[in-house]
Amino acid sequence: EYHLQKYLSIPKVEIVGVADTSYERLTDIRKRYNVRIYKNYHELLSEVDAVSLAVPTMVHFDVAKEILTKGIHLLIEKPISYKLKPAETLLEMAHERNLIFQVGLVERFNPAILKMESLVNNPIFIESHRLNKFTPRGTDVDVVFFFMILVFELGSMHKFNNFTRLADHSNSHYAQFCFQDPIDRFPSLSG
């Protein structure tokens with residue numbers, strides 16, 4: 001639904017339809033946004049030039065491979081895959097077919113992240129907690145994997161260029177990314 005909202009705000013985008021495994025969710029989306037709905041994404045593929053893929057990561061590869069095989073441009077939610085090889089395969093497929101293959105990194109444009117760019121310089125660590133109300137959506141990717149991508153993205157903006165380690169106590173709901181040993185940064189702390 002998030003992708004649909006964004007696309008509806010772009011005048012040159014024609015929404016062909018939305019596919020979802022939940023018919024209840026689809027009927028709600030049809031009522032609220034007046035778009036065609038599809039119970040099966042296969043039906044939609046013959047009618048589109050591009051797809052936003054927002055399914056659980058564990059099925060990204062199979063669905064994305066089918067989309068790319070049909071010659072359709074693809075925006076895929078992060079992470080592309082749990083493993084490097086399937087991600088590389090999808091990138092190669094897109095390149096061979098001259099297709100756009102974009103990874104959704106919308107957090108880069110989150111107002112809080114944009115503000116952080118102007119406020120934070122040379123951090124020691126970032127601590128992240130998953131605090132939202134529990135929903136099954138997104139639980140196939142732990143917070144470390146999810147936010148590591150964002151940390152690297154921020155690093156590419158030259159804000160966090162000295163990443164050193166992931167804290168040992170990180171887990172599926174908490175992560176701490178260390179950028180510099182505090183002793184190195186503040187020698188007076190060494191005693």
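**Exercise 1.** Classify R25 as buried, partly exposed or exposed from its relative accessible area.

*Solution.* The relative accessible area of R25 is 35%. The classes are buried (under 20% relative accessible area), exposed (over 50%) and partly exposed (in between), computed with a 1.4 Å probe on protein chains only. R25 therefore counts as partly exposed.

The structure is a predicted model, in which local features need pLDDT of at least 70 and side-chain atom pairs count only at pLDDT 80 or more, while totals for chains, interfaces and linings use all residues. Residues are numbered from 1 along each chain as its sequence is written, and side-chain values use heavy atoms, with hydrogens and water left out.

**Exercise 2.** Find which residue forms a salt bridge with R25, and state where the two partners lie.

*Solution.* Step one is the general principle: side chains of opposite charge can pair when their charged atoms come close. Step two is the cut-off: a salt bridge is a side-chain nitrogen of Lys or Arg within 4 Å of a carboxyl oxygen of Asp or Glu. Step three is the pair: the closest N and O atoms of R25 and E1 are 3.7 Å apart, and the two form a salt bridge. R25 belongs to helix α2 (residues 23–33), and E1 to the segment before α1 (2–8), so that the pair links distant parts of the chain, 24 residues apart. Helices (H or I, at least four residues) and strands (E, at least two) are DSSP runs, numbered from the N terminus.

**Exercise 3.** Describe the salt bridge between R32 and E1, then name the network that holds these residues.

*Solution.* The N to O distance between the side chains of R32 and E1 is 2.6 Å. This pair too links distant parts of the chain, with R32 in helix α2 and E1 in the segment before α1, 31 residues apart. R32 has a relative accessibility of 43% and counts as partly exposed. E1 is also partly exposed, at a relative accessible area of 27%. A network of salt bridges links E1, D20, R25, D28 and R32.

**Exercise 4.** Decide whether E96 and R97 are buried, partly exposed or exposed, and give the distance in their salt bridge.

*Solution.* E96 has 60% relative accessibility and counts as exposed. R97, with a relative accessible area of 36%, is partly exposed. Their closest N and O atoms are 3.8 Å apart.

**Exercise 5.** State how many salt bridges, helices and strands there are, and what share of the residues is buried.

*Solution.* The structure holds 6 salt bridges. The protein has 8 helices and 8 strands. Of its 191 residues, 32% are buried.
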